[in-house]
Amino acid sequence: MVRPLVLTQTTTRVLEPGDLGAALAVLESDPVANAFVASRVQVAGLDPWRLGGEMWGWYADGKLRSLCYSGANLVPICATPEAVRAFADRARRTGRRCSSIVGPAEPTALLWKLLEPHWGPARDVRPHQPLMVAERMPDDLAPDPYVRRIRKDEMDVIMPACVAMFTEEVGVSPMAGDGGLLYQARVAELVGAGRSFARVEDGKVVFKAEIGAATSRACQIQGVWVAPEHRGRGLSVTGMAAVLRYALADVAPVVSLYVNDFNTAARACYRRVGFRETGAFMSVLF
């Protein structure tokens, strides 16, 4: 018996507002790994002006299977190897508009392999950044009682710490280019949303962290920093416990973060607070 030929069709296109339901279904298939993009889409939808970039969709057999956010970051989402190749083709045609490529390690590595001959060299490549998750408070660790939400009238207190953290982590100052307007707006957004936390002593931040991305299912802690002169006091462990308590109580039942694999001190801190490694991200910085 001769089997009938089954035709399959794949295509890639920029998603439109009417595709929101299908896009959310893809994002919600992995709420932890997709928290960053999911939080933006849930607030802004798929309109590029509100979203801050385009959402590319890859279809197989007429169904949306994979996504790629193309804005300040290029982020592959639930991307199969075939989808990554399609996204790389589109990215090559449009040219580099992003300051980084970031996402789950395997598809991001393939995406960078395909784009590097056209976009390279990168300023920095971080191929393995463990993704860590916590769903409960540790039983044997007391959160720092002095870590609290930053108020809206404390922007002048938190901004120097945010700039120092960003510069130390990324290698460039967020104040370059536009004078820091976009970065200050993002910090102010997190402060206004009640997702910026710090321990302040004598008017200066000694520990800080933010809940950057947040959905009803998962949130992501970012920007963890201890002032250099206060390192070695254990503030990162008790401070993170305090932020984790806020996150679990007020934001989402699952709290995540990702960390550079070479930052052994930070990884030990997060494990002490109860985070466990569940996967890996990759970042390419331009």
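Modeller: The largest cavity is lined by Glu54, Trp56, Ser70, Gly71, Leu74, Ala91, Thr94, Gly95, Arg97, Cys98 and Trp119. Here a cavity is a set of points, on a 1 Å grid over the protein atoms alone, where a 1.4 Å probe fits but cannot get out, and lining residues have an atom within 4 Å of a point. The model is predicted: local features need pLDDT of at least 70, side-chain atom pairs count only at pLDDT 80 or more, and totals for chains, interfaces and linings use all residues. Residues are numbered from 1 along each chain as its sequence is written, and side-chain values use heavy atoms, with hydrogens and water left out.

Colleague: Which elements give two or more residues to that lining?

Modeller: Those are β2 (54-60) and α4 (81-94). Such strands (E, at least two residues) and helices (H or I, at least four) are DSSP runs, numbered from the N terminus.

Colleague: What volume does the largest cavity have?

Modeller: Its volume is about 70 Å³, taken as the space filled by probe spheres set on the grid points, which are joined across faces, edges and corners. A search of the whole structure finds one cavity of 30 Å³ or more.

Colleague: Changing topic, which residues touch the most other members of the largest nonpolar core?

Modeller: They are Ile221, Met240, Val243, Leu257, Tyr270, Val273 and Phe275, out of 27 residues in that core. A nonpolar core is a set of buried Ala, Val, Leu, Ile, Met, Phe, Trp, Tyr and Cys residues joined through side-chain atoms within 4.5 Å. Buried means under 20% relative accessible area, with a 1.4 Å probe and protein chains only.

Colleague: Which elements give two or more residues to this core?

Modeller: They are β6 (124-134), β9 (204-214), β10 (219-226), α8 (235-250), β11 (255-258) and α9 (264-273). The most comes from α8, with seven residues.

Colleague: What do the buried residues of α8 pack against?

Modeller: They pack against β6, β8 (196-201), β9, β10, β11 and α9. Among the buried residues of α8 are Leu235, Met240 and Val243. Leaving out residues up to four places away in sequence, Val243 touches Val147, Phe197, Phe207, Ala209, Ile211 and Ile221, where contact means heavy atoms within 4.5 Å.

Colleague: One last point: is Trp225 buried or exposed?

Modeller: Trp225 counts as buried because its relative accessibility is 10%. Trp225 lies in strand β10. Beyond four places in sequence, the residues that Trp225 touches include Ala161, Met165, Phe207 and Arg231.

Terms used:
Buried < 20%, exposed > 50% of the residue type's maximum accessible area, 1.4 Å probe, protein only. 1 Å grid on protein atoms, 1.4 Å probe; cavity = no way out; pocket = protein on both sides within 12 Å on 5 of 7 lines; lining within 4 Å.
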